[in-house]
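Please go through one part of this protein's sheet, strand by strand.

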Amino acid sequence: MSTSQWYIGAPNGVVLCVNAVNGGDLSGEFYHSYSEKSVPFQGIGQMVLRMEKLYDYLRFPYPGTNCRSFGEEKKMTRQTKERIKMVTDDELLSKHGDIGTFIVRVQHRQNSSWQGRITWMEEDKTVQFRSVWEMIKLIESAVDVVSTQESDGEEKWFEEGDKSAT
């Protein structure tokens, strides 16, 4: 299997391991360079919130919009200390999910969403996404491909540049 697109490439790169599908919702864990432990998630919503929390912690990519509230505002302060990587990229790339493994590289957080690239490691395919919703649909379609391949051997994941993902 070719691994030409297997790289982290950004300080906020995440290896997302999907381990189960429960009633149509995905669960698993993700890994990043700043902790030796995985971050578990039960459901795609929890995954997105925990990844967003990581990006806020790293302050990368910096959000294009801030959270709004009617109470006391919590101002984003400057990062006081440099984040130290605890796990090498090779160690991250050695992690794999039971159903699927994805490298997520969020390049921008604009328009209250994410833009970036996602690589499906099992198929060595990389696709750009323009929103969190589009990224979720790509992950779900890859998981569906795994289920479909187990039943009839047919592949349907989006090819690079495929506009039907939106």
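In this predicted model, strands β4 and β5 run antiparallel and are joined by 6 bridges. Strand β5 spans residues 115–120. Within this pairing, valine 104 sits opposite isoleucine 118 of β5. The hairpin of β4 and β5 has 6 residues between the strands. In that hairpin, asparagine 111 adopts a positive phi near 55°.

Strand β4 also pairs with β1, residues 14–22, again in the antiparallel sense. Here, valine 15 faces isoleucine 103 of β4.

| Partner of β4 | Partner residues | Sense | Bridges |
|---|---|---|---|
| β1 | residues 14–22 | antiparallel | 5 bridges |
| β5 | residues 115–120 | antiparallel | 6 bridges |

How many residues of β4 are buried? The count is 7 of 9, so the strand, residues 100–108, is mostly covered.

Is threonine 119 buried or exposed? Its relative accessibility is 0%, so threonine 119 counts as buried. The cut-off for buried is under 20% relative accessible area.

The side chain of threonine 119 makes a polar contact of 3.1 Å with the side chain of arginine 105. Leaving aside residues up to four places away in sequence, threonine 119 touches Gln5, Thr101, Phe102, Ile103, Arg105, Lys125 and Thr126.

Technical notes: Residues are numbered from 1 along each chain as its sequence is written. This is a predicted model: local features need pLDDT of at least 70, side-chain atom pairs count only at pLDDT 80 or more; totals for chains, interfaces and linings use all residues. Side-chain values use heavy atoms; hydrogens and water are left out. Buried means under 20% relative accessible area, exposed over 50%, partly exposed in between (1.4 Å probe, protein chains only). Helices (H or I, at least four residues) and strands (E, at least two) are DSSP runs, numbered from the N terminus. Two strands pair if DSSP finds at least two bridges between them. A polar contact is a pair of N or O atoms within 3.5 Å; within protein, one must be able to donate a hydrogen and the other to accept it, and residues adjacent in sequence count only if both atoms are side-chain atoms. Contact means heavy atoms within 4.5 Å.
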